[in-house]
Amino acid sequence: MFLGIDIGTSSVKAALIDESGRQVEVSQADLPISRPKPLWSEQNPSDWWTATNMAVAKLDVNRRHGVKAIGLSGQMHGATLLDKSLAPLRPAILWNDGRSFEECRELQEATPEFVSKGGNLVMPGFTAPKLEWVRRHEPQVFEKIHAVLLPKDYVRLRMTGDLASDMSDSSGTLWMDVENRKWCDELLAACGLSEANMPKLYEGHEVTGVLRQEAAEAWGMQRVPVVAGGGDNAAGAVGVGVIDEGEALLSLGTSGVIFVAGNTFRSNPGSAAHAFCHALPDRWHLMSVMLSAASCLDWAVKLTGTSDAGELVRRAQTEARLGGPEHFLPYLSGERTPHNNPHASGVLFGLGHDSGPAQIGQAVLEGVAFGMADGFNALVESGVDVHSISVIGGGAQSTYWGRILSAVLDCPMVYRDGAATGPAYGAARLARFAALGGDVEEMFEAPEVLQIVEPKDSDQDKLAPKYEKFGTLYRMLKESF
């Protein structure tokens, strides 16, 4: 058995796969999020460790006994600040935290190498401006910083005692020379840091340490190797076999991502696309990110008093219609690609007396799809050539949403076995590769196709004018946010 652990935003997931790569069991434990001020989003690192233990404990104990290696994945960009004793100095500042927009502007102006060497714009979601915010607003914390870790790498520290990370997740700090896959002294210095504050970098399948004795005993395992793993999207891509030039995935988790793999480094910072390392050697990826995707559906569930997301989607499919008058701008946490606007807000527009839960649910499904299309267009402008997209994440359970997405993006949506598990499955695959070796193409072969949703001309006719109005609404409201 091989174990993959994903430190998500709303939960920790654990997935077990066997030597053939077949997923045999999945568990999860929920995580709380704190939003103490507008634009802020934080979590306590101790909660990640508690939830990790809970998720692993839910797995069958006999299967746990057979685990041979562990892989990690996690939410990207979270600034986890540790003192010399490796204890957290404050709550971690998460990827969807927008407080550092002023620091972004100043870093970008003072250090243009963030684009020329790092290949990315400085945006509030990334780690670097979070540290600059701490240096300015919490200097007593900043001066005590010994190490900066990403969320999954804090869990690694608790598991193995090692300060280590992988190329894909660390790309999202903005402190890497992404093309050459190493820390960049110049970019670290811009934030008052050095490589001494950073974990050692590994490729995703490389072993970073061994499970501590106390953790091994608690989890019912041997002291097995722990591999570097990947950021959640790179690990999700590994899980569905998106590793070669032009292969793509769409992730419908808390955030929404379109990820296109490549065999060379390319960037398009002008459209706020992200250019990062992949979780496998000599591979990179280009990515668009919207900060609220499936989380918009969760928000709509609470707004409408519907029992759960599945019920809201069912009602939208049966009671509403494509291209109705209700519009939704999905910017509940600001937006990255292509707007790079932390102040953007969610908007419901066009409501009438007949606008009920089903119609609002439909507007949300469409609004997220339109936001995805904005990001996809930014990637296409970079020269990528995508013919189909594999869907992963919790939202991958809804093929009706896939129907909307396929129409708006004008691209088939491919649903594969294990796709809903996403990054945890990919992390387990990296652990399997570390233990067994073999040919990369074979070990990371795309899982079985369960369904392909093709775009329908009739759906596109209904949604095209609505997408155009979606863009008009954003441009009209931009200065009012």
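**Exercise 1. Find which helix gives the largest share of the lining of the second largest pocket, and describe the rest of that lining.**

Step 1. Helix α3 (residues 101–110) supplies the largest share, with 5 residues. Keep in mind that this is a predicted model.

Step 2. Now take the whole lining: 16 residues surround the second largest pocket. Those nearest its centre are F101, N340, N341, P342 and H343.

Step 3. Sort the lining by class, and you get 7 nonpolar, 5 polar and 4 charged residues.

**Exercise 2. Work out why the second largest pocket lies between domain 1 and domain 2.**

Step 1. Start with the domain assignment of the chain: domain 1 covers 2–228, and domain 2 covers 240–416 + 448–480.

Step 2. Look at how the two domains meet. In domain 1, 30 residues are in contact with 24 residues of domain 2, while the C-alpha centres of the two domains are 25 Å apart.

Step 3. Return to the pocket. Both domains give residues to its lining, so the second largest pocket lies between them.

**Exercise 3. Locate D232 in the structure and list what it touches.**

Step 1. Check the record: an unreviewed UniProt entry places the feature "active site" at D232.

Step 2. Set aside neighbours within four places in sequence; D232 is then in contact with D6, S73, G74, Q75, M76 and P423.

Step 3. Last, look at side chains: that of D232 makes a polar contact with that of N233, at 3.1 Å.

How values were computed:
Residues are numbered from 1 along each chain as its sequence is written. This is a predicted model: local features need pLDDT of at least 70, side-chain atom pairs count only at pLDDT 80 or more; totals for chains, interfaces and linings use all residues. Side-chain values use heavy atoms; hydrogens and water are left out. On a 1 Å grid over the protein atoms alone, a cavity is a set of points where a 1.4 Å probe fits but cannot get out, and a pocket is an open set with protein on both sides within 12 Å along at least five of seven lines; lining residues have an atom within 4 Å of a point. Helices (H or I, at least four residues) and strands (E, at least two) are DSSP runs, numbered from the N terminus. Ala, Val, Leu, Ile, Met, Phe, Trp, Tyr, Cys and Pro count as nonpolar, Asp, Glu, Lys and Arg as charged, and the others, Gly among them, as polar. Domain bounds come from an automatic or database domain assignment. UniProt positions are given in the numbering used here, feature names are shortened, and annotations may be inferred rather than shown by experiment. Contact means heavy atoms within 4.5 Å. A polar contact is a pair of N or O atoms within 3.5 Å; within protein, one must be able to donate a hydrogen and the other to accept it, and residues adjacent in sequence count only if both atoms are side-chain atoms.
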